[in-house]
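Keep the viewer open as you read.

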Amino acid sequence: ENVASIGGELSLASPLLSNWLAWMHAHHPTLALNVDVAPMAQLLERVRDGSIDLAVLYDPPSQPGLTGELLVDEKLVMVTTSKTRAPSPEDYVHVDWGPAFNENLRAAFPELANAAVTSSLGPLALAYVLKVGGSGYFRSQVAKPFLDSKQLRLAPNAPAFSYSIRAVYATDSDSELIATMRSGLRACVEQG
């Protein structure tokens, strides 16, 4: 059976996985395609047990038997609606970008540990900041149009943090199928 099974976190479903589906359909029309959107831990387990061929994840931990290939080295940048104030716990919206980010944030801004608003979904937090005002860390590519339109500005003296997107697959998996899937992902990343 010619099936390519891919998984991804919700925040990567659109546009990356939807673009990948279209690319695969155009370039490999005989392959059946299966997409699973789930949390990282579940997707890593499914790659390990072979129920999906590959997962697309933000900053996954390295694990024995799995290969993580860098697709995009994204940055998280702090943006704000304020023209004057430094981010404070009262107006900071915390997005849970994972353990590495949380650790880096605590080191850089220990005072932001008790944010007034916390979200597990970046787009929801960004919509909140745009509507109500405040600051938060968001993916640089997502923030760019709002920075360009001056709805947001980069928070002064706030470090950017790496938040890379990786393709994770079993090291001993079917190399031809995985190579095809990876080619599609790379093509979609290059198209933006």
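Before we start, one term: a residue counts as buried when its relative accessible area is under 20%, and as exposed when that value is over 50%. Keep in mind, too, that this is a predicted model.

Start with helix H2, which covers residues 40-49. Four of its residues are buried: Met40, Leu43, Leu44 and Val47. Look at the spacing of those numbers, then at the helix end-on. Viewed down the axis of H2, the buried residues fall within an arc of 100 degrees, so they line one face of the helix. The background is simple: an α-helix has 3.6 residues a turn, so residues three or four places apart point the same way. And what does the buried side of H2 pack against? It meets strands E1 (3-8), E2 (32-37), E3 (54-58), E4 (66-80) and E9 (161-170). After H2 comes Gly50, which has a positive phi, near 85 degrees.

Now for the aromatic rings. There are five aromatic pairs in the model. Take Tyr58 and Tyr163: their ring centres are 4.3 Å apart and their planes sit at 20 degrees, so this pair is stacked, the cut-off being under 30 degrees. The two tyrosines come from distant parts of the chain, with Tyr58 in strand E3 and Tyr163 in strand E9, 105 residues apart. Both Tyr58 and Tyr163 are buried. Another pair, Phe101 and Phe161, has ring centres 5.7 Å apart and planes at 80 degrees, so it is edge-to-face. This pair also links distant parts of the chain: Phe101 belongs to helix H3 and Phe161 to strand E9, 60 residues away. Phe101 counts as buried because its relative accessibility is 4%, and Phe161 is buried as well, with a relative accessible area of 9%. Going back to the tyrosines, Tyr58 and Tyr163 form one aromatic cluster with Trp97.

The largest pocket holds about 470 Å³ of space. It is lined by 19 residues, and those nearest its centre are Glu9, Asp96, Trp97, Gly98 and Tyr163. What is the lining made of, by class? Twelve of its residues are nonpolar, four are polar and three are charged.

Helix H4 (122-132) and strand E7 each supply at least two of the lining residues, and the largest share, three residues, comes from H4. By class, the cavity lining divides into five nonpolar residues, one polar and one charged.

Key. Residues are numbered from 1 along each chain as its sequence is written. This is a predicted model: local features need pLDDT of at least 70, side-chain atom pairs count only at pLDDT 80 or more; totals for chains, interfaces and linings use all residues. Side-chain values use heavy atoms; hydrogens and water are left out. Buried means under 20% relative accessible area, exposed over 50%, partly exposed in between (1.4 Å probe, protein chains only). The arc is that of the directions from the helix axis to the C-beta atoms. Contact means heavy atoms within 4.5 Å. On a 1 Å grid over the protein atoms alone, a cavity is a set of points where a 1.4 Å probe fits but cannot get out, and a pocket is an open set with protein on both sides within 12 Å along at least five of seven lines; lining residues have an atom within 4 Å of a point. Grid points are joined across faces, edges and corners, and a volume is the space filled by probe spheres set on the points. Ala, Val, Leu, Ile, Met, Phe, Trp, Tyr, Cys and Pro count as nonpolar, Asp, Glu, Lys and Arg as charged, and the others, Gly among them, as polar. Rings of Phe, Tyr and Trp (its six-membered ring) pair if their centres lie within 6.5 Å; planes under 30 degrees apart count as stacked, over 60 as edge-to-face and the rest as tilted.
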